[in-house]
Amino acid sequence: MHIDWAALGSVFGVSLIVTVALVGAFTLGIAGLSRRESASAQGNSALLATTGAYACFTACAAAVAYGIYLIVA
């Protein structure tokens, strides 16, 4: 049995980076929705925060869909 340690390390590194990026994007989306609620409570418009939040959630959904596509294909 031979383990290709370089390939294993690269898979670990890529999965770590993608996981941190995905969690970061989801966190930014939640923060954007939080800013929307605080702005609406003050009577201000938060169109940029809402658009950014939905863009972050769309990026998360696209990354998950691409991962499922890679597994199924």
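The model is a predicted one, and the points below describe it by topic.

**Overall form**

- The protein contains 2 helices and 0 strands. Its radius of gyration is 18 Å, well over the 11 Å that the globule rule gives for 73 residues, so the protein is more spread out than a compact globule.
- Along its principal axes, the C-alpha trace extends over about 65 × 25 × 10 Å.
- Buried residues make up 12% of the 73 residues of the protein.
- The accessible surface amounts to about 5700 Å², and carbon and sulfur atoms account for 74% of that surface.

**Helix H1**

- Helix H1 covers residues 5-42. Its 38 residues should span 56 Å at 1.5 Å a residue, and the distance of 55 Å between its end C-alpha atoms agrees with this.
- The buried residues of H1 are Ala-25, Gly-29, Gly-32 and Ala-39. H2 is included in what covers these buried residues.
- Gly-43 follows H1 and has a positive phi, near 90°.
- Phe-12 is located in H1. With a relative accessibility of 54%, Phe-12 counts as exposed, because the cut-off for that class is over 50%.
- Between Phe-12 and Ala-63, the C-alpha to C-alpha distance is 17 Å, and the two residues are 51 residues apart in sequence.

**Helix H2**

- Helix H2 comprises residues 47-72.
- Thr-50, Ala-53, Cys-56 and Cys-60 are the buried residues of H2. These buried residues pack against helix H1.
- In an α-helix there are 3.6 residues a turn, so residues three or four places apart point the same way.

**Thr-51**

- Thr-51 also has its place in helix H2. At 46% relative accessibility, Thr-51 counts as partly exposed, because this value falls between the limits of 20% and 50%.
- A polar atom of the Thr-51 side chain lies 2.8 Å from the backbone oxygen of Leu-47.
- Thr-51 and Gly-32 are 19 residues apart along the chain, and their C-alpha atoms are separated by 8.3 Å. Gly-32 is one of the buried residues of H1.

**The cysteines**

- A search of the whole structure finds 0 disulfides. Cys-56 accordingly takes part in no disulfide, its nearest cysteine sulfur being that of Cys-60, 6.9 Å away.
- Are Cys-56 and Cys-60 buried or exposed? Cys-56 has 17% relative accessibility and therefore counts as buried, since the class holds residues under 20%. Cys-60, with a relative accessible area of 8%, is buried as well.

How values were computed
Residues numbered from 1 in each chain as written. Predicted model: local features only at pLDDT ≥ 70, side-chain atom pairs only at ≥ 80, totals over all residues. Heavy atoms only, no water. Helix = DSSP H or I, 4+ residues; strand = E, 2+ residues; numbered from the N terminus. Expected span 1.5 Å × (residues − 1). Buried < 20%, exposed > 50% of the residue type's maximum accessible area, 1.4 Å probe, protein only. Contact = heavy atoms within 4.5 Å. Rg over C-alpha atoms; globule rule 2.2 N^0.38 Å. Areas by Shrake-Rupley, 256 points an atom, 1.4 Å probe, with all protein chains shown as cover. Disulfide = S-S within 2.5 Å. Polar contact = N/O pair within 3.5 Å; in protein donor to acceptor, adjacent residues only side chain to side chain.
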